[in-house]
Amino acid sequence: MNAIEKSKAIRTGLRKGFQDGTSKMAQRKCYGYDTDPDGELVINPDEAATVCWIFEHYLSGDSLGKIATGLEERSIPSPTGKPRWSREALNKLLSNEKYTGRVLLQKTISVGSAKIKNDGFMDRYLYSDPHQAIISDEVFRAVQQKKMRHVNCSEQRHAT
């Protein structure tokens, strides 16, 4: 089997796992969660409190920079262990539906050596309630709406 055939076989196997609900990608650990001995996601109480704090402060109007400063002042290291959270890390955290107890797979796709957002190029797979939620659907939706308003305002400012 050459490299191209092997790559295609791996992609096919991943997609089959997405479709039939057996993908281990759904159990991939992220900040706020640990894995139990069975590989299932379980809430990490300290990190979950930080996740809630981040969502609450974003909704109350704090910028990503102000949130990063607040976390640093509280000596809460980033998911990678750095003393300061990056705006990108905070933005990704605020966009991660995993905190609602759901997992969306195939959000990005590989095109050559680049990864791009999957905006309908391929099927995406939503697993509902595979683990306990840290935040409510309402809070998550409110944050996504606020982020969209912020993006739209930024685009309008740059267009003028």
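Biologist: What makes Asp62 count as buried?

Modeller: This is a predicted model, and in it Asp62 has 14% relative accessibility. Buried means under 20%, so Asp62 gets that label.

Biologist: How many salt bridges does a search of the whole structure find?

Modeller: Five. Among them is the one between Lys92 and Glu88, with the closest N and O atoms 3.3 Å apart.

Biologist: Why are Lys92 and Glu88 separated by about one helical turn?

Modeller: Because they sit four residues apart in helix H4. As for accessibility, Lys92 is at 55% and Glu88 is at 54%. Exposed needs over 50%, so Lys92 and Glu88 both get that label.

Biologist: What makes Arg141 and Glu138 a salt bridge?

Modeller: The closest N and O atoms of Arg141 and Glu138 are 3.9 Å apart. With the limit at within 4 Å, that passes, so the pair counts as a salt bridge. Both residues lie in helix H5, three places apart, about one turn of the helix.

Biologist: Why is Arg141 called partly exposed?

Modeller: Its relative accessible area is 45%. Buried is under 20% and exposed is over 50%, with partly exposed in between, so Arg141 falls into that middle class. Glu138 has 54%, so it counts as exposed.

Biologist: Now the inside. Which residues touch the most other members of the largest nonpolar core?

Modeller: Ile54, Phe55, Trp85 and Tyr99, out of 24 residues in that core. Helices H2 (45-59), H3 (64-73), H4 (87-95) and H5 (137-159) each supply at least two residues. The largest share, six residues, comes from H2.

Biologist: What does Ile54 touch, not counting residues up to four places away in sequence?

Modeller: Ile67, Leu71, Trp85, Leu90, Leu93 and Leu94. Contact here means heavy atoms within 4.5 Å.

Terms used
Residues numbered from 1 in each chain as written. Predicted model: local features only at pLDDT ≥ 70, side-chain atom pairs only at ≥ 80, totals over all residues. Heavy atoms only, no water. Core = buried A, V, L, I, M, F, W, Y, C linked by side-chain atoms within 4.5 Å. Buried < 20%, exposed > 50% of the residue type's maximum accessible area, 1.4 Å probe, protein only. Salt bridge = Lys/Arg side-chain N within 4 Å of Asp/Glu carboxyl O.
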